[in-house]
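Hello,

Please find the structure below. My notes on it follow.

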Amino acid sequence: MKKLSLAICVILITSTVYAQQPVPEATELYVELQKVTPGNGAGAPSDAIILFDGNDLSQWQSQKRGLGASMVDMKDVIPLLRAEADGEDAPWFVENGEIVVNPGTGYIETRQGFGDVQLHIEWLAPPAEGKSGQLYSNSGVFFMGMYEVQVLNSYENPTYNNGQASSVYKQHIPLVNASKPVGEWQTYDIIFMSPKFSDKGTLVSPARVTVFHNGVLVQNNVELLGPTCYIGTPYYVAHEPKLPIALQDHGDPMRFRNIWLREL
Ligand code: MG
């Protein structure tokens, strides 16, 4: 009888242990993924919003509200920012399928507001005699109208490193200088994660940015301190979850083409 009990015990323990053995299928997940057709080369994927495809500036308007140079100027303006598509037409040019900055006419911004995005944009710094530093082909991509990834000729054109091409302006120096010479087209592929605020306006999570410049990683998920400030130290001020993306008029005839994004 004892032997029988022992045998039953062994069988029970063995079967229990066997039942607890992991099987590979237990860690294999199945979900219904949205299908996206990738673009060819620089082409946009099938789920992208096209912001400029070479034809016109219908997705853009004259920037409704500028922010100023320091937090003193910005702090009261930022809460008032809205995505409103009824602005005046963008006063920049379209030539040969390219956007050209019309110097002195101000920033342009998307008619639509965006939060978290993957953005592709191509830009060209034209050659300019006698220019240097921040004044040699300057523009910028301003996410939500206030968080700038710098556009600048940074090929053999020294300036402060947290203000060169692909810097998060005055916040993050790029990991390397992947710039091409003036007159050549360059690409940015940027993942921008917007800051999140509580209902009471306190910061829940800061903005984060990843940038590939000409296919080279230059900003690796860096955390922003607040909006881009030319003067002084930035800090966060709560704002709408979706706001227009702006392109900077810094007085130079920069060129842009093939602009698209995917909302994340
Ligand atoms: Mg700039």
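**Notes on the magnesium site, sheet and core**

N138 is buried, with a relative accessible area of 2%; buried means under 20%, exposed over 50% and partly exposed in between, using a 1.4 Å probe and protein chains only. S139 is buried too, at 0%.

The model is predicted: local features need pLDDT of at least 70, side-chain atom pairs count only at pLDDT 80 or more, and totals for chains, interfaces and linings use all residues. Residues are numbered from 1 along each chain as its sequence is written, and side-chain values use heavy atoms, without hydrogens and water.

The magnesium ion has these protein donors, 2.2 to 2.4 Å away: N138 (OD1), S139 (O), E148 (OE), Q150 (OE1) and Q248 (OE1). Donors are N, O and S atoms within 2.8 Å of the metal (3.2 Å for Na, K and Ca); water is not among the atoms, so sites may look incomplete.

5 strands form an open, antiparallel sheet in the order 2-5-14-7-8. Its edge strands, strand 2 (60-62) and strand 8 (147-152), each pair on one side only. Strands are DSSP runs (E, at least two residues), numbered from the N terminus, and two of them pair if DSSP finds at least two bridges between them. Strand 7 (residues 138-143) pairs with strand 8 over 6 bridges, and V141 stands opposite V149.

Last, the core. The largest nonpolar core has 51 residues, and W60 and F143 are among those with the most contacts inside it. Such a core is a set of buried Ala, Val, Leu, Ile, Met, Phe, Trp, Tyr and Cys residues joined through side-chain atoms within 4.5 Å.

Regards

Terms used:
Helix = DSSP H or I, 4+ residues; strand = E, 2+ residues; numbered from the N terminus.
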